[in-house]
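Here is a short tour of one protein and its surroundings, moving from the overall layout down to one ligand shell and one residue. Take a look at the structure, then read on.

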Amino acid sequence: MKFIIKYVLVLAITLVCDGLVDIEKYLKICDRNSEDVNDCLLEAAQEGLAVLANGIQDLDVPSIDPYNQKDLRIEYKNNQIYAKFTAKNIYVEGLKESTVHDARLRADEDRFHLELDLTTPKINVRGQYAGEGRYNSLQIQANGEFITNMTDLVYTWKLDGVPEKTENGTFVRITDFYMRPDVGDMKSTLTNENPDSKELTELGNRFTNQNWRLLYRELLPYVQTNWNKIGSRVANKIFLKVPYDQLFPAKY
Ligand SMILES: *[C@@H]1O[C@H](CO)[C@@H](O)[C@H](O)[C@H]1NC(C)=O
Ligand SMILES: *[C@@H]1O[C@H](CO)[C@@H](O)[C@H](O)[C@H]1NC(C)=O
């Protein structure tokens, strides 16, 4: 009888604990009220990038290097210019080679704000695309594959969140993810399978590469909306599953 009770107890405890995630297995945890929390977070973020590169299966966190995005749609209008760009099977590679230079946390009972300064030597983005461009009555359609290489990226990740009380404890919901990378150089190659515009492919590539700074600046707001969604979603896979006091304990 004693044996059975003990057995049932062990089983019950195992079941209960299975529902929780031992986050320290994956990420270095920093006390949010400690004096050196920013130094601790710098290290935690640097190690965290290597872990997140492969994802965390227990938490359903996708691998972020390479990061796979199913599709992306961008519709651009500016005076007489109209462009529509749809990409699919997108792979983004290179994030794990990033260096974290600084971390700044402001976190208390009411709000959460984390900034991480990063540099990345090289990001490679590739996928399939279909594009349509109109300039007054001129219209061009193209589709094929694209590769973009960006080098020497300098940026800051800014995460904003609010602590939410639930029946299971308090969790921070990340409401906003922001970054605006400065890019050292960008080189793209697009193939074009469309017979009607095939002879313009070379010209298009040259135009894209010669004017990448302008194109990047114009497209940045659209891409940022995309990053905001992805960044918040990936962060919340962790933040909404691990209670605030486990992820950023306040012992002191
Ligand atoms: C609390 O945890 C239980 C069990 O893991 C889950 O089913 C429920 O949805 C959670 N509640 C909230 C508000 O997240
Ligand atoms: C991008 O980088 C890859 C891998 O380093 C290389 O094979 C490819 O030629 C580069 N593409 C462009 C457009 O620079």
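## Overall layout

From the N terminus on, the elements run α-α-β-β-β-β-β-β-β-α-α-α. That gives the protein five helices and seven strands. With a radius of gyration of 23 Å, well over the 18 Å that the globule rule gives for 252 residues, the protein is more spread out than a compact globule. Keep in mind that this is a predicted model.

The C-alpha trace spans about 85 × 45 × 30 Å along its principal axes. Of the 252 residues, 16% are buried.

## Around ligand 2

Which residues surround ligand 2? They are Asn124, Ile147, Asn149, Lys187, Ser188 and Thr189.

Strand S5 (138–166) and strand S7 (182–190) each supply at least two residues of the shell. S7 gives the most, with three.

## A look at tyrosine 129

Tyrosine 129 sits in strand S4 (residues 112–135). Is tyrosine 129 buried or exposed? There are 20 other C-beta atoms within 10 Å, so tyrosine 129 counts as buried, the cut-off being 20 or more.

Leaving aside neighbours within four places in sequence, tyrosine 129 is in contact with Phe85, Thr86, Ala87, Asn143, Gly144 and Phe146. Threonine 191 lies 62 residues from tyrosine 129 in sequence, and their C-alpha atoms are 9.3 Å apart in space.

Key:
Residues are numbered from 1 along each chain as its sequence is written. Chains are lettered from A and ligands numbered from 1 in the order in which they are written. This is a predicted model: local features need pLDDT of at least 70, side-chain atom pairs count only at pLDDT 80 or more; totals for chains, interfaces and linings use all residues. Helices (H or I, at least four residues) and strands (E, at least two) are DSSP runs, numbered from the N terminus. A residue is buried if 20 or more other C-beta atoms lie within 10 Å of its own, exposed if 12 or fewer, and partly exposed in between; C-beta atoms are placed from the backbone. Two residues are in contact if their C-beta atoms, placed from the backbone, lie within 7 Å. A residue is near a molecule or strand if its C-beta atom, placed from the backbone, lies within 6 Å of it. The radius of gyration is taken over C-alpha atoms; the globule rule is 2.2 Å times the number of residues to the power 0.38.
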